[in-house]
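This briefing goes through selected features of one structure, grouped by topic. Please read it with the model open.

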Amino acid sequence: MKLIKRFAKFSIKHPIAAQFISCLLIGLVIGTPLNIISIVQNMKIIKGDMELFMELIPGTIVMIVVLAVFAYPFILTIYELISMVSRIFDHVSKFIIAVYDYFALLIGIILEYMLLELGYNVLFNKQWFEELHNSELHMPINTDYALTFAVIFHLFFAGMFILSATDTNERPPLVTLFCFAGMYIGVIEAVLFTIQIMGMNYTMEGGKEFYCYDAGLLFTLFIPVNMIIMTIRVMLVEIQAYKIDENRMSKVDSVPFLKKCNDIIRDSKNWPLLALIFMIPLLCVIIVILALFGQAPDAAIKSFTETANYTFSTKIPPQNIFYDEHYLCTVAAGGHEKIVKPLRMGKRHGHDVIVNRQLLIANAFEQIIEEKTPKFHRAVRHFYDTYGFPVAKLIKSKIVADIIWFIMKPLEWVFLAVIYFVDAHPEDRIASQYL
């Protein structure tokens, strides 16, 4: 208990450092037992060989670091929630907190990018009209309107930095309201992007949509949730810090209507609601400026709707082409057209696949050895299942597929020679594959 109390006091004095220590502790507490289990299991295999044992230690360190990094959004959210009620950041410069918040969200964006690309096959370089394979997904934002999307998102940071770099009582209330409005707009876009991601799906044969709902997507909530908490925290600080100078008079005080408006604006309790109204003129100004750079007036909407595979998407993408990732020749057929020379579409296991001559010859050869020498075929299949599958799974790009196509070329000639030696109508057999 004493240790917990000491850490609580440390967290109040050094909240940013405490967050990183908390992440590291989570990595240690979770990662160390997992790797101890792994080491014990491997010790049975390596039979006490200390050199091999020492090679397992770096894996433990890597796992601790990875767990600490992915624990960061959780820890950040907890500290942000605490900061709204305990004011643990009061003794830290507002500007330092703003810089920290910026990099904290940047880390969250990088982690979300990694999650979507590595975990859900989202290709951020593929527009909705481009052909994809298997369960790959197009990018969630139309790149033609990426400038608008980026500018609107950075309104959040612009508002936060202006508020942090200037004194509340020296700053005109209208500037404060526009800063709050910018933060609102950034938060709304972040929420919409998360909703867009939550509805991700991919289309296979028959026009069926398969949705990718699972617990992993909950990770995408951290960015909008933290932005909302940051906005509330900043607003509370600004509202409480603002003091009305009762002795200062203004020319507008002589006009009843303007005096009423001025009194409403000067009352800091009204700022959260007034900021909603100020969002409209701020958006209009941003749209006009972006129009000078070639962005459409409705680019903010089109950035979400002119996509495929997501919640707000309105476009129908080309049907994903299926190729079996276990088979080298099938993967190689998905390389660049000028090199692998696709001939037509075929069927494998009920899915459409790209078919080229190399793939047809390889399948015809396997068919022949299966018919003529079933025992040898079983041996060849076992060998390929053992060594070919892992290699085929590594092929994730057209360039690698092209390389595999070239590597397989000598084997293709051998397969073709065998087919011509044993089959009376070799080209008929080749042409009949994958129909």
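**Salt bridges, a cavity and a surface patch**

Helix α15 holds both Lys-409 and Glu-412, which are 3 residues apart, about one turn of the helix. The two form a salt bridge in which the closest N and O atoms are 3.0 Å apart. The model is predicted, and a search of the whole structure finds 9 salt bridges.

**Salt bridges**

- Glu-412, the acidic partner of Lys-409, counts as buried because its relative accessibility is 6%, under the 20% cut-off.
- Glu-238 pairs with Arg-171, with 3.0 Å between the closest N and O atoms of this salt bridge.
- This pair links distant parts of the chain, 67 residues apart: Glu-238 is in helix α7, and Arg-171 is in the loop between α5 (146–165) and α6 (173–198).
- Glu-238 is buried, with a relative accessible area of 1%, and Arg-171 is buried as well, with a relative accessible area of 5%.
- Lys-302 forms a salt bridge with Asp-298, and here the closest N and O atoms are 3.7 Å apart.
- Lys-302 counts as partly exposed at 24% relative accessibility, and Asp-298 also counts as partly exposed, at 32%.
- Side chains of opposite charge can pair when their charged atoms come close.

**Largest cavity**

- The largest cavity contains about 80 Å³ of space.
- Its lining consists of Tyr-72, Pro-73, Leu-76, Ala-104, Leu-105, Gly-108, Glu-112, Phe-219, Phe-222, Ile-223 and Asn-226.
- Three helices, α3 (50–86), α4 and α7 (222–241), each supply at least two residues of this lining.
- Helix α4 gives the most to the lining, with 4 residues.
- By class, the lining has 8 nonpolar, 2 polar and 1 charged residues.
- Rolling a probe the size of a water molecule over the atoms shows where empty space is left.

**Nonpolar surface patch**

- Phe-103, Leu-106, Ile-109, Ile-110, Tyr-113, Met-114 and Leu-118 form a nonpolar patch on the surface.
- Together these residues have about 650 Å² of accessible area.
- One of them, Ile-109, is found in helix α4, which covers residues 94–120.
- Ile-109 counts as partly exposed because its relative accessibility is 33%, between the limits of 20% and 50%.
- Helix α4, where Ile-109 is found, also contributes to the lining of the largest cavity.

**Contacts across the sequence**

- Leu-360 has its place in helix α13 (residues 357–372).
- Leu-360 is buried, with a relative accessible area of 4%.
- Leu-360 and Glu-427 are 67 residues apart in sequence, and their C-alpha atoms are 10.0 Å apart in space.
- Asp-423 lies in the loop between α15 (398–422) and α16 (426–431).
- At a relative accessible area of 15%, Asp-423 is buried, because the cut-off for that class is under 20%.
- Asp-423 and Ile-368 are 55 residues apart in sequence and 8.4 Å apart in space, C-alpha to C-alpha.

Definitions and conventions
Residues are numbered from 1 along each chain as its sequence is written. This is a predicted model: local features need pLDDT of at least 70, side-chain atom pairs count only at pLDDT 80 or more; totals for chains, interfaces and linings use all residues. Side-chain values use heavy atoms; hydrogens and water are left out. Patches are made of residues with over 30% relative accessible area and no salt bridge: like charges are joined within 9 Å, nonpolar side chains (Val, Leu, Ile, Met, Phe, Trp, Tyr) within 5 Å. Accessible areas come from the Shrake-Rupley method with a 1.4 Å probe; for residues, only the protein chains shown count as cover. A salt bridge is a side-chain nitrogen of Lys or Arg within 4 Å of a carboxyl oxygen of Asp or Glu. Buried means under 20% relative accessible area, exposed over 50%, partly exposed in between (1.4 Å probe, protein chains only). On a 1 Å grid over the protein atoms alone, a cavity is a set of points where a 1.4 Å probe fits but cannot get out, and a pocket is an open set with protein on both sides within 12 Å along at least five of seven lines; lining residues have an atom within 4 Å of a point. Grid points are joined across faces, edges and corners, and a volume is the space filled by probe spheres set on the points. Ala, Val, Leu, Ile, Met, Phe, Trp, Tyr, Cys and Pro count as nonpolar, Asp, Glu, Lys and Arg as charged, and the others, Gly among them, as polar.
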